[in-house]
Amino acid sequence: MCSYIINGGKKLDGEIDISGSKNASLPILAASILSSGIVKLYNIPEIEDVKITLKILEHLNCKIKRNKDKVVIDSRNMRSKPIPEELMRKLRSSVILAGALISRFKEAEFTYPGGCDIGSRPIDLHLSSFKKMGIKINEDSGIIKCKVDEIVNTVVHLDFPSVGATENIVLASVLSNSEVIIENPAMEPEIIDLCKFLNKMGAKIDGIGTNLIKIIGVKKLKDVSYTIMPDRIEAGTFLVATVITRGNVKINKVCIDDLNPILYKLEECGANIETGNNWIKIKMLKRPNKLEIKTMPYPGFPTDMQSLFGALLCTAKGTSIITETIFENRFKYTQELSRMGAKIKQEGNTIIIDGKRKLNNANVQATDLRGGVSLVLAGLCTKGITKIDKVDYILRGYENLDKKLNKLGAEIFFEV
Ligand code: UD1
């Protein structure tokens, strides 16, 4: 397990480019097999979760060529075979391949996916939606086998707008003779990016980004080149990192609209924000104001930013409240922040943070991807040395986080 050593207390200053979105790359990589040809993807981040997804595609006989942010996927000789459990377990979004395999081969075999331990993360909505679409599911000893003769015309109503289930329904129905309507789908920008990519390939998906998506199945999809959207959570991370260190940073290559729920909260917190076409300038001159935050499906405040604001509010003026409504186990990082002197009390799915002027140095451990980054932010604003262990979680979702922070004047070192 790897560590970050941070010599904190430095204000971030300068300019930084945001990488491609992790949560858009993963479903789009899965979708790329649907042309049965060669697809070129740009702006794919160099992160562990992408590496694992590419390994799964190679296992399924795809040929992959990678050159920095460009990935070429040749799925002409691809075969349908079971996805090995050890790869399935490595990331949650491995389950998205099920929808893509069903679309292309009318069958898929896989086991329960893994991913960060931030809640029970069942896949019942994925499987019940598949059943509604006419897909037969046979589950035995943890192995899930899906088979379909023909997807049926249907309306799938999601009780909760699950990101993964929405992606799986879209992928499974895109190559078919039928029409599938999703009521109450997830409206996250990454879903929009996936649907735009599929429509570029020749799919017919209407209502993208609304609360009713209609997929009119097509017989074939074509080869395309596509550039993945910017990572809004990475952008959010640098925004909060600037505010927590009282810095002054220009963040380039972002999509402003996707960041609005985060920008509103940072303004409320006292940050000065200026936006352009695809950039944000953020400056913080004073101690942050307290906030009340409740995570919600998009366009609400993103659960993936919850822990980062958790770290920020430890240094705010007054008492802040954060309520987590998406994942039930996303407060583990608070115990680590407490080691740094943070005053946080948990009551059910809410935390109450009593802001302090300063945190103190400590040795802490990343508990999951975003929880790990909240510790990095706490380390950046705390004078002296903070050591964070188990940062392998962070490598799953951030491209060169340490190098990018150092470019802005931080002192953060990676230790194997
Ligand atoms: C995706 C994102 C993750 C983000 C989350 C919510 C990827 C790779 N990951 O995760 O970063 O935090 O969206 O924005 O894109 N649920 C069920 N049954 C299901 C499916 C989900 O009960 O079949 C529950 C989950 O346990 C969770 C909630 O629904 O409590 C949200 O899950 P979902 O929207 O599916 O998130 P993911 O796709 O796993």
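Biologist: What should I know about the model and the numbering first?

Modeller: Residues are numbered from 1 along each chain as its sequence is written. The model is predicted, so local features need pLDDT of at least 70, side-chain atom pairs count only at pLDDT 80 or more, totals for chains, interfaces and linings use all residues, and side-chain values use heavy atoms, with hydrogens and water left out.

Biologist: At what angle do α8 and α9 cross?

Modeller: Roughly 15°, for α8 (residues 232-244) and α9 (residues 256-268), with the axes coming within 10 Å. Helices are DSSP runs of H or I, at least four residues, numbered from the N terminus. Axes are lines fitted to C-alpha atoms over the stretch in contact, and angles run from 0 to 180 degrees between N-to-C directions. That makes α8 roughly parallel to α9 (angles under 35 degrees).

Biologist: Which residues meet there?

Modeller: R232, A235, G236, L239, V240 and V243 in α8 meet D258, L259, I262, L263 and L266 in α9. Contact means heavy atoms within 4.5 Å.

Biologist: How do those residues divide by class?

Modeller: Eight are nonpolar, one is polar and two are charged in the contact of α8 with α9. Ala, Val, Leu, Ile, Met, Phe, Trp, Tyr, Cys and Pro count as nonpolar, Asp, Glu, Lys and Arg as charged, and the others, Gly among them, as polar.

Biologist: Switching to α1 and α7. How do their axes cross?

Modeller: At roughly 30°, coming within 9 Å, for α1 (residues 22-31) and α7 (residues 189-200). α1 and α7 are therefore roughly parallel to each other.

Biologist: Which residues make that contact?

Modeller: N23, A24, P27, I28 and A31 of α1, with E190, D193, L194, F197 and L198 of α7.

Notes
Helices (H or I, at least four residues) and strands (E, at least two) are DSSP runs, numbered from the N terminus. Angles under 35 degrees count as roughly parallel, over 145 as roughly antiparallel, 65 to 115 as roughly perpendicular and the rest as oblique.
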